[in-house]
Amino acid sequence: MKTLVIIAHPNLETSLTNKLWMEELQKDSENFHIHCLYTAYPDEKIDVEKEQALIEAYDKIIFQFPFYWFSSPPLVKKWLDEVLTYGWAYGSTSGYKLQGKKIGLVISVGIDEIEYRVEGKYGYTLKELIAPFELTFNYVKANYIGFYAYYGIEQDTTVEWVAKSIPGYKKFIESIGVLNRG
């Protein structure tokens, strides 16, 4: 079954990293369905039923975005708030449409990885900063498989440098089919 890759970049055309990653997946359209949130919803008015139907159609889902003010771009948060509704994503007697679905994150990060340590510039690891995503996916009983991050985007933005990230990126996304962290 295909993997759904939800890309949320407010300026995808100007993003060398996220754009190259997307183009890499487009070469393998038999295995990946790409859904660009900012393209689908330029007015940020999310069609909740359409998004829920899309999620229901896939067992493997990746959210891909740039690390944006120590979180995700705002449309990701809005998407989570509006799409993960009571009675559909969670609830006391119904819901849990994401139960068992494998979900992971792919994040492009501007600053070097060394800065995301307790002793680093920000005092937190990336894993700590994205913990709300893990908690959200666990709360709706999805199978959170972790994240892939490519750091230092602000330091070097050449095609050659970004191309070095593609093998790790694809390996992580392809591994979603074999990982089972129950």
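Reader: Which element gives the most to the lining of the second largest pocket?

Author: In this predicted model, where local features need pLDDT of at least 70, side-chain atom pairs count only at pLDDT 80 or more, and totals for chains, interfaces and linings use all residues, that element is α4, with four residues. Residues are numbered from 1 along each chain as its sequence is written, and side-chain values use heavy atoms, with hydrogens and water left out.

Reader: What makes the second largest pocket a pocket, and which residues line it?

Author: On a 1 Å grid over the protein atoms alone, a pocket is an open set of points with protein on both sides within 12 Å along at least five of seven lines, whereas a cavity is a set of points where a 1.4 Å probe fits but cannot get out, and lining residues have an atom within 4 Å of a point. The residues that line the second largest pocket include Val76, Lys77, Leu80, Asp81, Pro132 and Phe133, and the elements that give two or more residues to this lining are α4 and α6 (131–139). Its volume is about 190 Å³, a volume being the space filled by probe spheres set on grid points that are joined across faces, edges and corners.

Reader: Why is the pair of Asp81 and Lys77 called a salt bridge?

Author: A salt bridge is a side-chain nitrogen of Lys or Arg within 4 Å of a carboxyl oxygen of Asp or Glu, and the closest N and O atoms of Asp81 and Lys77 are 2.6 Å apart, so the pair meets the definition. Asp81 and Lys77 are four residues apart in helix α4, and therefore separated by about one helical turn.

Reader: How do you know that Glu82 and Lys78 form a salt bridge?

Author: The closest N and O atoms of Glu82 and Lys78 are 3.8 Å apart, which is within the 4 Å of the definition. Both residues lie in helix α4, four residues apart, about one turn of the helix. A search of the whole structure finds eight salt bridges.

Reader: What makes a set of residues a nonpolar core, and which have the most contacts inside the largest one?

Author: A nonpolar core is a set of buried Ala, Val, Leu, Ile, Met, Phe, Trp, Tyr and Cys residues joined through side-chain atoms within 4.5 Å. The largest has 39 residues, and those with the most contacts inside it are Phe63, Trp79, Leu98, Leu105 and Phe137. To this core α4 gives the most, with five residues.

Reader: How do you know that Trp79 touches Phe63?

Author: Contact means heavy atoms within 4.5 Å, and, not counting residues up to four places away in sequence, the residues that Trp79 touches include Phe63, Ile55 and Leu84.

Note on methods: Buried means under 20% relative accessible area, exposed over 50%, partly exposed in between (1.4 Å probe, protein chains only).
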